[in-house]
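Please open the model in your viewer and keep the selection panel at hand. The tour goes stop by stop.

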Amino acid sequence: GMTRYHWTVILAAWLGWGFDVFDGFLFNFVAPSCVPTLLGVPLGTKEATAVTQQWTGILTAIMLATWGLGGAVFGTIADRFGRTRTLLVTMATYSLGTAACAAAPNMGLFVLFRIIASLGIGGEWAAGATLVAEVVPDKHRVAAGVALYTAAPLGLCLAAVVNLIISGMVTADPHTSWRFVFLAGLLPAAIAGAVRLAVGEPEAWLAAVSTRQPTATTTATSPDTVEGTPADPLPSRSQWCSGVWRKTVEALRLLPELLRPGLRRATFSGITMSLAALISWWSINSFIPNLAGLLAAAEHREIVLWKTYASLIFNAGGLVGTLLNGVVSVRFGRRVMYFSYLLGSGVAVLAVFGPMEMAFELRMALLFLV
């Protein structure tokens, strides 16, 4: 059954996932004031709108690329130094990288700080998922995975609320308010220490490490140990690099297996479906605050407020969809679940972003179905 330690691990990973999405998407809420300010473009002009849309796309692409790189880099680090240690480092990395954006004097340094934050975000995502997979019992692993994915929409909702509080209530100056929003990225660092103290290394990792190193005590003449203490369970740098290279080669050798006649169709259909879902989600989620702000301005509505509403509506739908995912897939099968989700989302996207005339409030409400 599930013990208190299992729930603690799930909570630690859930907080990490939620806060990395929180940090990752703070930029999207402040982009219309952040980007023009860093580029020296007057706010509220057509040029400001154009550069905001351009740099939102560029910075989202950079974030995704370095997110994946961070997962690969910190994944191998987690194999050597442990899951919870890596979890601590990644949370500190992305929170400090996000907070540093507040002090960026130009776009070049801003991009650098975003890259640092994205590396940490990708690393935390990988370390958190691995930690849960190794600790939670097999029969509860699917439910734990569903629970983890609820962190993403809630993290985005938190980002929307924080932006509303700071930009809409604390300071109304758009030239400086975005800097205070990025300072909120320090929130994850505050819980990182508590996570490290509450969660130990999983037994699976400790067992794997013990099989790689001798457990017998060594004498005082050993350069790595003192008399009567166990040898360092961590592999040497050369052993670690060799292991990473070996795993990479083994993974590359498996690629042709996915292209065999019996698996080729399933491989390409799975890749196509995943690409469609991921590109759609990231494109919509990244531009929703900007789009809602433009529509609100055209309707003479409160811009910051409706940016918040739009994100809350969209991510509330994402949260409900995540919770129903397991029920629908178990009841009707995964194919039916994927087909119904993609079809329903596609129809909703056409309704929200298409040329149909509709009331502003209805267009925003339909984001729930996207």
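**Stop 1: a loop residue**

Select His300, found in the loop between α11 and α12. Helices here are DSSP runs (H or I, at least four residues; strands would be E, at least two), numbered from the N terminus. Before going on, note that this is a predicted model: local features need pLDDT of at least 70, side-chain atom pairs count only at pLDDT 80 or more, and totals for chains, interfaces and linings use all residues. Residues are numbered from 1 along each chain as its sequence is written, and side-chain values use heavy atoms, with hydrogens and water left out.

Check the backbone of His300. Its phi is near 60°, a positive value in a residue other than glycine. Is His300 buried or exposed? His300 is exposed, with a relative accessible area of 74%. (Buried means under 20% relative accessible area, exposed over 50%, partly exposed in between, with a 1.4 Å probe and protein chains only.)

**Stop 2: the ring pairs**

Now show the aromatic side chains. The whole structure holds 12 aromatic pairs. Rings of Phe, Tyr and Trp (its six-membered ring) pair if their centres lie within 6.5 Å; planes under 30 degrees apart count as stacked, over 60 as edge-to-face and the rest as tilted.

Select Phe25 and Trp282. They form a stacked pair, 5.3 Å centre to centre with 15° between the planes. The pair links distant parts of the chain: Phe25 sits in helix α1 and Trp282 in helix α11, 257 residues apart. Phe25 is buried at 2% relative accessibility, and Trp282 is buried at 13%.

Next, go to Trp178 and Phe182. This pair is edge-to-face, with 6.1 Å centre to centre and 85° between the planes. Both residues lie in helix α7, four residues apart, about one turn of the helix. Trp178 has 0% relative accessibility, and Phe182 also has 0%.

**Stop 3**

Which residues does Cys34 touch? Not counting residues up to four places away in sequence, Cys34 touches Phe27, Phe110, Trp178 and Phe182. Contact means heavy atoms within 4.5 Å.

**Stop 4: the cavity**

Return to Phe25. It is one of the residues that line the largest cavity; select Asn28, Leu156, Asn285, Ser311 and Phe314 too, which are among them. About 40 Å³ of space lies inside. The lining has six nonpolar, four polar and no charged residues. On a 1 Å grid over the protein atoms alone, a cavity is a set of points where a 1.4 Å probe fits but cannot get out, and a pocket is an open set with protein on both sides within 12 Å along at least five of seven lines; lining residues have an atom within 4 Å of a point.

Definitions and conventions. Grid points are joined across faces, edges and corners, and a volume is the space filled by probe spheres set on the points. Ala, Val, Leu, Ile, Met, Phe, Trp, Tyr, Cys and Pro count as nonpolar, Asp, Glu, Lys and Arg as charged, and the others, Gly among them, as polar.
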